[in-house]
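Me: I have a chain open here and have not looked at it before. Can you walk me through it?

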Amino acid sequence: MEFQDHFSIRLYGKTMTNLNYLLAQWDKKPYLIKNAPDNRSALINMLLIDYTNFLIEEKL
């Protein structure tokens, strides 16, 4: 499977709950993140990059 640079995904309810929780925490405590994403796409990209980097560096 190879990903394209533009595609749509359907998020699970738990994923949306977690993302909304993160956004609420960042709104309350903006100092938790240096460069907060300015839109949903940027947020998802940031989280996926962080997670995939973690997996590549620490787990593989």
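**Pocket, fold and core**

Reply: This is a predicted model. Its largest pocket holds about 920 Å³ of space.

Me: Which elements give two or more residues to the lining of that pocket?

Reply: Helix 1 and helix 2 do. Helix 2 has the largest share of the lining, with 8 residues.

Me: How many residues line the largest pocket, and which lie nearest its centre?

Reply: The lining has 24 residues, and I9, L11, I44, N45 and L48 are the ones nearest the centre. By type, the lining splits into 13 nonpolar, 8 polar and 3 charged residues.

Me: Switching to the fold. How many helices and strands are there?

Reply: The chain has 2 helices and 0 strands. Its radius of gyration is 13 Å, well over the 10 Å from the globule rule for 60 residues, so the chain is more spread out than a compact globule.

Me: What does the C-alpha trace span along its principal axes?

Reply: About 40 × 25 × 20 Å.

Me: And how much of the chain counts as buried?

Reply: 10% of the 60 residues.

Me: Which residues make up the largest nonpolar core?

Reply: There are 5 residues in that core: L19, W26, I33, L43 and M46. At least two of the core residues come from helix 1 (13-28), and at least two from helix 2 (40-59).

Me: Take W26. What is W26 in contact with, leaving aside neighbours within four places in sequence?

Reply: W26 is in contact with L32, I33, L43 and M46. Of these, I33, L43 and M46 belong to the largest nonpolar core along with W26.

Terms used
Residues are numbered from 1 along each chain as its sequence is written. This is a predicted model: local features need pLDDT of at least 70, side-chain atom pairs count only at pLDDT 80 or more; totals for chains, interfaces and linings use all residues. Side-chain values use heavy atoms; hydrogens and water are left out. A nonpolar core is a set of buried Ala, Val, Leu, Ile, Met, Phe, Trp, Tyr and Cys residues joined through side-chain atoms within 4.5 Å. Buried means under 20% relative accessible area, exposed over 50%, partly exposed in between (1.4 Å probe, protein chains only). Helices (H or I, at least four residues) and strands (E, at least two) are DSSP runs, numbered from the N terminus. Contact means heavy atoms within 4.5 Å. On a 1 Å grid over the protein atoms alone, a cavity is a set of points where a 1.4 Å probe fits but cannot get out, and a pocket is an open set with protein on both sides within 12 Å along at least five of seven lines; lining residues have an atom within 4 Å of a point. Grid points are joined across faces, edges and corners, and a volume is the space filled by probe spheres set on the points. Ala, Val, Leu, Ile, Met, Phe, Trp, Tyr, Cys and Pro count as nonpolar, Asp, Glu, Lys and Arg as charged, and the others, Gly among them, as polar. The radius of gyration is taken over C-alpha atoms; the globule rule is 2.2 Å times the number of residues to the power 0.38.
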